[in-house]
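Subject: Structure for you to look at

Hello,

Here is the structure I said I would pass on. My notes on it follow below.

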Amino acid sequence: MLKYKKSLFLLVCFALLSIISYFTYDKFTTPYSLPKIQNVDPEKYDIDWSQEKKVSSLSNSSSESKTYHDTLKLLKTDNAKAVEQLKKLIKKHPDNLVYSNTLRIAMQKEEYGAKFVAFTETIKNQTPQLQLQKALAYIDQLQNQQLGTASLGQLSLSSIQVLNQVIEENPHEWSAHYARGLNNLYWPVGLKRIDKAVQDLGFCLAVLKQQNIKDNPVVPLTYMAYGDALVKSGEIEKGVSVWKEGEKLIPDHKGLKERVVGGEKKAKQIVAKDRGIDHFQRPEPTLTDLSILWK
């Protein structure tokens, strides 16, 4: 009788684990629900980086801009003091990406961004911009060469969870879709995340086209990433077509040119080198630097 009860208990536990695993996997691989792209003001997509351009401009004589540039100089001689000054700026302006981006990069070497994540959680006003930087700080931690594949995947999922929250509050948030798309782009194909990367990066490129944004450095990177996602998903011809479209618009971009020259024959090889195919690929350390958006 005791043996029977034990067997029944194990059977029930196995059934429960199977059900949990099924729903976890289903949620893990279910396609995203993306918003319709509408002809609206750039603020809807949060792709107006004018305040960041203003603060980072050397010609801007405002007191805050002067404080920021003085802090940049201080980073070269006294990193700890500069970090404290940046924290004060962020507490006052948690919606300004310049301050949080500079601080996150300055703190990258301190436990690979874990301290920056802890700092963001002390800020009462959790703006989308601050949440975005928190998500990127998880990606910064991928540079820790001591981490195994399971840890890399968990960090990426932590980043995606933060970005999901941002997108739930504003489904059109362009930067969050872009960061989430890149997150999924580096996962092994076998873990079924690449279609999600195709979704987000396709959305991001469509928004840039609809808003007629051509002169921002993120444009060629979006063409490249979306094409890479398509190639990684098996749609090689379509991916190469996206690269060609981007290279025609920005003919001097090194990454796009390399892909167009390689064509369909070398497409998968190029993507495997930069994004990984069957393994979890660490992104380039500079990938999370958002300063290209306003420089």
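The model is a predicted one.

T120 itself lies in helix α7, which covers residues 114-120. Is T120 buried or exposed? The cut-off for buried is under 20% relative accessible area. T120 has 0% relative accessibility and therefore counts as buried. Leaving out residues up to four places away in sequence, T120 touches Q126, L130 and K134.

L130 also turns up among the contacts of another residue, P94. With residues up to four places away in sequence again left out, P94 touches I123, N125, T127, Q129 and L130. P94 is found in the loop between α5 (79-92) and α6 (97-106). Its relative accessible area is 6%, so P94 is buried as well. P94 and I123 are 29 residues apart along the chain, and their C-alpha atoms are separated by 8.0 Å.

Now the chain as a whole. The secondary structure of the protein chain comes to 14 helices and zero strands. The chain has 295 residues, of which 48% count as buried. Taking contacts between residues at least 6 apart in sequence, 66% join residues at least 24 apart. The chain exposes about 16,100 Å², and carbon and sulfur atoms supply 56% of that area.

The last item is the largest pocket, with a volume of about 610 Å³. It is lined by 31 residues, and those closest to its centre are L182, Y186, R275, E284 and L287. Which helices each supply at least two residues of the lining? They are α8 (128-140), α10 (174-185), α12 (218-232) and α14 (254-275). The largest share, six residues, comes from α10. By residue type, the lining divides into 18 nonpolar, six polar and seven charged.

Regards

Terms used
Residues numbered from 1 in each chain as written. Predicted model: local features only at pLDDT ≥ 70, side-chain atom pairs only at ≥ 80, totals over all residues. Heavy atoms only, no water. Helix = DSSP H or I, 4+ residues; strand = E, 2+ residues; numbered from the N terminus. Buried < 20%, exposed > 50% of the residue type's maximum accessible area, 1.4 Å probe, protein only. Contact = heavy atoms within 4.5 Å. 1 Å grid on protein atoms, 1.4 Å probe; cavity = no way out; pocket = protein on both sides within 12 Å on 5 of 7 lines; lining within 4 Å. Points joined across faces, edges and corners; volume = space filled by probe spheres on them. Nonpolar A, V, L, I, M, F, W, Y, C, P; charged D, E, K, R; others polar. Areas by Shrake-Rupley, 256 points an atom, 1.4 Å probe, with all protein chains shown as cover.
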